[in-house]
Amino acid sequence: MPKDVELYDAHYGHLAADPQVAVRRATYDEDLGQASWITLAEAREFFRALELGPGQSALEVACGSGGVTCRMALETGARCVGVDINTHGIEAAGRRAEEMGLSSRVAFRVADAGHRLPIPDESFDAVFCNDSINHFPGRLEVLHDWHRVLRPGGRLLFTDPIVVTGQLTNEEIAARSSIGFFLFTPVGCNERLLEECGFLVREVRDVTEAVASVSGRWRDAREERRGALAELEGEAAFGGLQRFLDAVHTLAGERRLSRYMYLATKPSAGAK
């Protein structure tokens, strides 16, 4: 689907630009280079849920500029790999790992996670995907592939910020999906697909509040820096992203589109 609003190329391509850095600092508890709804505090909750530690390995799917991947390695001691389709993001991620002295434990590669990942079977103890599964067509095939790359007993944690929990107009759907392909999912669908792929669902948690709060801060921080950002992005691009963030804030705040966290396990060999 053609994009009406460019988010990721502009974000990762100007990652170190002063107005972009200032916006992230005003939006998040810590600037990890993120372009999603996750804060470092929430990321740490997810790391704990994945039960990562030294000697283990984790894959982050759609890692963006690698800030969360690097913090996962730094705070858990695990070896981490991040994959993303955006070359600007992967280039920034590699620089971040080198600057943090993590190049021996963190690696990044360009890969389209909407297709079979170029990763051998049973390579990881954990798979993590934050706020990105909605960009991949073929949800069942994607979950099957994550099951494939996990070792028996491995953990999967992902968030889906596009779970339909209320009525939506066609204009609202268009605004919310203006940055590219989106797969809107009804309540209960992810749990059913996880079980169909052989996962054991351990926890489902409503984490919509993060979307409502982060999107509002992100929109307002950008508005305060309108002049600098419009010069960097172009006036039309600036306005389009503001309309996107406003739609996100409204729909999450009214709980008509919700974000859920799913934690699941690949059964150990011989488990029933």
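Me: Hi! Let's start with Glu122: how exposed is that residue?
Reply: Hi! Glu122 is partly exposed, because its relative accessible area is 42%, which falls between the 20% and 50% cut-offs. Bear in mind that we are looking at a predicted model.

Me: Where is Glu122 found?
Reply: Glu122 sits in the loop between strand E3 (106-110) and E4. Its phi is positive, about 50°, although Glu122 is not a glycine.

Me: Speaking of H3, which of its residues are buried?
Reply: Helix H3 covers residues 40-49, and its buried residues are Leu40, Glu42, Ala43, Phe46, Phe47 and Ala49.

Me: And what covers them?
Reply: The cover for the buried residues of H3 includes helix H4 (67-76), helix H9 (208-224), and the strands E4, E5 and E8.

Me: Changing topic: how many helices and strands does the chain have?
Reply: There are 11 helices and 8 strands.

Me: What share of the residues is buried?
Reply: Of the 272 residues, 56% count as buried. As for contacts with a separation of 6 or more, 76% of them are between residues 24 or more positions apart.

Me: Which residues have the most contacts inside the largest nonpolar core?
Reply: Leu59, Val61 and Trp146 do, in a core of 30 residues. Elements giving two or more residues to this core include strand E1 (57-61), strand E2 (79-84), helix H6 (139-149) and helix H8 (189-196). There is also a second, separate core of 29 residues, with Cys70, Ala78, Ile90 and Leu263 among them.

Me: What is Trp146 in contact with?
Reply: Setting aside neighbours within four places in sequence, Trp146 contacts Val61, Leu117, Val127, Cys129, Ile133, Phe136, Leu156, Phe158 and Phe199. In soluble globular proteins, nonpolar side chains tend to be buried together.

Me: Now Arg176: buried or exposed?
Reply: Arg176 is buried, because its relative accessible area is 3%, under the 20% cut-off. Arg176 belongs to helix H7, residues 170-176.

Me: Which residues does Arg176 touch?
Reply: Not counting residues up to four places away in sequence, Arg176 touches Trp37, Pro161, Ile162, Phe182, Phe244, Ala247, Val248, Leu251 and Leu257.

Me: Last one: how many positive and negative side chains are there?
Reply: The chain has 31 positive and 40 negative ones, and the centres of the two sets are 5 Å apart. The accessible surface comes to about 11,500 Å², with 51% of it belonging to carbon and sulfur atoms.

Technical notes. Residues are numbered from 1 along each chain as its sequence is written. This is a predicted model: local features need pLDDT of at least 70, side-chain atom pairs count only at pLDDT 80 or more; totals for chains, interfaces and linings use all residues. Side-chain values use heavy atoms; hydrogens and water are left out. Helices (H or I, at least four residues) and strands (E, at least two) are DSSP runs, numbered from the N terminus. Buried means under 20% relative accessible area, exposed over 50%, partly exposed in between (1.4 Å probe, protein chains only). Contact means heavy atoms within 4.5 Å. Accessible areas come from the Shrake-Rupley method with a 1.4 Å probe; for residues, only the protein chains shown count as cover. Lys and Arg count as positive and Asp and Glu as negative; His and the chain ends are not counted. The place of a charge is taken as NZ of Lys, CZ of Arg, CG of Asp or CD of Glu. A nonpolar core is a set of buried Ala, Val, Leu, Ile, Met, Phe, Trp, Tyr and Cys residues joined through side-chain atoms within 4.5 Å.
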